[in-house]
Each structure stands twice: as structure tokens, then as C-alpha cells.
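Here are my notes on this model, as promised. Have a look at it first, then read on.

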Amino acid sequence: MKNTMMTMALASAFALMGAEQDGLRKMLDTYVDGGRIAGITSVLSDADYNVRYDCVGWADMENKVPMKPDTVFAIFSMSKTFLGAAMMCAIDEGKISLDDPVSKYLPEFADVKMKDGSKPKRPLTVRDLSSHVNGLRGGYPLVNRDIPMREVARKLAATPLVAQPGETFSYGTATVDAAGACLEVAVGKPFEVYLKEKILDPLGMVDTTFSPNADQIRRLVKAYTSDDKPLRPAADNCARQLVFPKEKPLCAAPGGGMFSTPQDIVKFSQMLAHHGEWKGKRLISRKTFDEIFAVKQTPAAITNPYTCGSWLYGDWFGHEGAMRTDQRANLRTGHSRVFFIETENKAGSAFFALKADWHKEADKIQGTPATVFGN
């Protein structure tokens, strides 16, 4: 078994079995045994909710703690898709629309100006904030977020637009937090409370949070380099998110502040792959999912295939996080694939080679090629 710590093969309905599965495990082992990656968790699900976990290597190399399905990770921008899902629930309830002006919920945005002091051609909308076409830049730091998202939104509203709303794509986190602040006002509840009620609890996602408890902190992964030099603890800014205790309590940050586990995220991915339904429970109406969530929300002139908090790549729907966690749901076949390591934000050649090899092996097993994975 080499460094393979745990393999759970619960699936019986994948397109290809046997040698292809062995190929996946062998490939993952190669990266860990070669000292290129500290630890990896691969999760594959078919359309019938059969799940296969491959946990290889170490969550904590120094203390010989193995990777497990319930290892806790900082998932960074994977959090954005949870904002999108919660937004769809509020749309179902008639409490918000992507076409709504931001100022309907956050009055300070009524006075947003361009850099030259002029007014923008049109008001900013919730869609602009949640799909990165708002013309805003900057914001409050994400790592160790210590102020509420409404305060982040106020700081953002005080900055000038550098481009007209809807005319450019600029990926960011604070603008998604401002979309979350809009949602809070619309539903009359803190974002994390609404998300728990509508998404996390129905899916049984017990380890997905903005503020890990003591047990979750004990299961927290450590981050290592993946630059083909001797593995060592990551020391970039993102790695600070994994350091506890914090000087100040963490605040909810839907732009990238969540923590979760592979076994939680695969449930979320399965729900996405089934167009808003999970094991008979409908969380998002099929109409809202298919006509809003699964549709490119960036303007036609902008090529970036982004919807409300998620990337759209052909049949695949999902998001990657800064330290390289990833989830993808296939909207055509119902398959899901989840990939967890924790490395420095810039990653490195070992990570990118591993990710490409993982997709190749997952394609063989699932029979659903990941035609474009550029993010």
C-alpha cells in the first residue's frame, strides 16, 4: 500500500472498474512516495451517489497524521459557490433577484462613483457583484477576516469604480462578500445562519463552517510546498488561514473564508450535479438552477464562463480554492469529482502535473472527460 493511508471503494456503478481504479491509486502513490506532494484526497461520485475515496499521504507530515475523508481544509474560493447556492434559495423565495440594484440592500452603493468622479452608466447589480463584472477593485483582506461582510461592503463602496459595471471581468473576493451582505439584508438573517438552514443542514455538512470548533481544528490539515524541492511547510499569506488560535474571531466571508472536509464537499457537489437535488431532497428549484445558476451570468462580450459564484466549463460546474482544493459537478451525467490538497497559493509544477494526471485517471473511471479545466 506504500503511503496510501485509506482507500474506500464504495462505488459499483462507475463506467470502468479494476485496472483503472488501480491506476488512480498508483498515480497518487507515485506523487507522495516521490516526495513531491505531502498528501492528497481524491473523491469520485457517480450519478447514483456511490462514492469512492482515495486518501494518500499525510495531513500532517511531522506528526504522521494521515489524510482522511474528514480532514479539515481551508477551501478559500470554493466558498463562492456556496454564496451562489444560497442566492438561488433566496431567489426561489422571491427575496432577491440578480437584477436588483445593490443599493436596494446596501444604500451606500447608491453613491458609488467612477475614478473621475462621474456616475457610472448604470447602477451596480447583485449579478455584477457575484460574477466579477462590477468594475470595483481591491477590498478588505480575506485571510483571517476579522470584520463582518457588511463592513467589507462599506469599505468597498467607498472606493471608485475603475471600469463601468458589466464591461470587464476582474476576479475578486470582497465583491462576493458584498453580494453576501446583500443576501443578508434580503433574507433578514446572517449569511452563515441562512446558509446552514438552506444548504448545510439539509446536506448533513457537519464540518463546513467559517469558524472551526476545537474538534475541527484538531483535524485541520497542514499546508506544504509543491515546487519539486524538498517538502516543507508553506509560508505564504494563505497559509496563515490554517494557524490557530486567532488573535480575533473569524467573521463569515463568502468570497473565500470557509473550512470544510472532502466528505462534506462531495455532498454539495452531488447536489449541484443533480441540479439542486440531493437524495430526494430539493434544495434549489430545478427552474432556478437550470435557468439562473447553471447559466453564464457574465455579459456576452465577456468570455469568462462565470455564473453566480461558480465557473462553467462545458458540462462541468464548480470552483477551485486558493490552496488548491477543487470540486466539479457534471450537469449532464450527474458525476462529481473532488480534489483536496493544501499547498501554497502559487502551487508549483508538481501540483499542476498531479492535477492533470488525476483528471486523466478520473476520466477513465467516470467516462466523463474534463474537457476544460483552466482555473
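1. Ground rules. This is a predicted model, where local features need pLDDT of at least 70 and side-chain atom pairs count only at pLDDT 80 or more, while totals for chains, interfaces and linings use all residues. Residues are numbered from 1 along each chain as its sequence is written, and side-chain values use heavy atoms, with hydrogens and water left out.

2. Cysteines. Searching the whole structure turns up 0 disulfides (a disulfide being a pair of cysteine sulfur atoms within 2.5 Å). For C238, the nearest cysteine sulfur is that of C251, 18 Å away. C251 has its closest cysteine sulfur in C182, at 18 Å, so that is too far for a bond.

3. Exposure of two of them. C238 counts as buried because its relative accessibility is 12%, whereas C251, at 21%, counts as partly exposed. Buried means under 20% relative accessible area, exposed over 50%, and partly exposed in between (1.4 Å probe, protein chains only).

4. Helix α4. Which residues of α4 (149-157) are buried? They are M149, V152, A153, L156 and A157. Down the axis of α4 they fall within an arc of 135°, so they line one face of the helix; the arc is taken from the directions from the helix axis to the C-beta atoms. Their cover includes α5 (174-187) and α6 (191-203). Helices are DSSP runs (H or I, at least four residues), numbered from the N terminus.

5. α2 against α8. Helix α2 (residues 79-92) and helix α8 (residues 262-273) pack at about 50°, axes 12 Å apart. The contact (heavy atoms within 4.5 Å) is made by T81, F82 and A85 of α2 with I265, F268 and L272 of α8.

Notes: Helix = DSSP H or I, 4+ residues; strand = E, 2+ residues; numbered from the N terminus. Axes fitted to C-alpha atoms, helices over the stretch in contact; angles between N-to-C directions.
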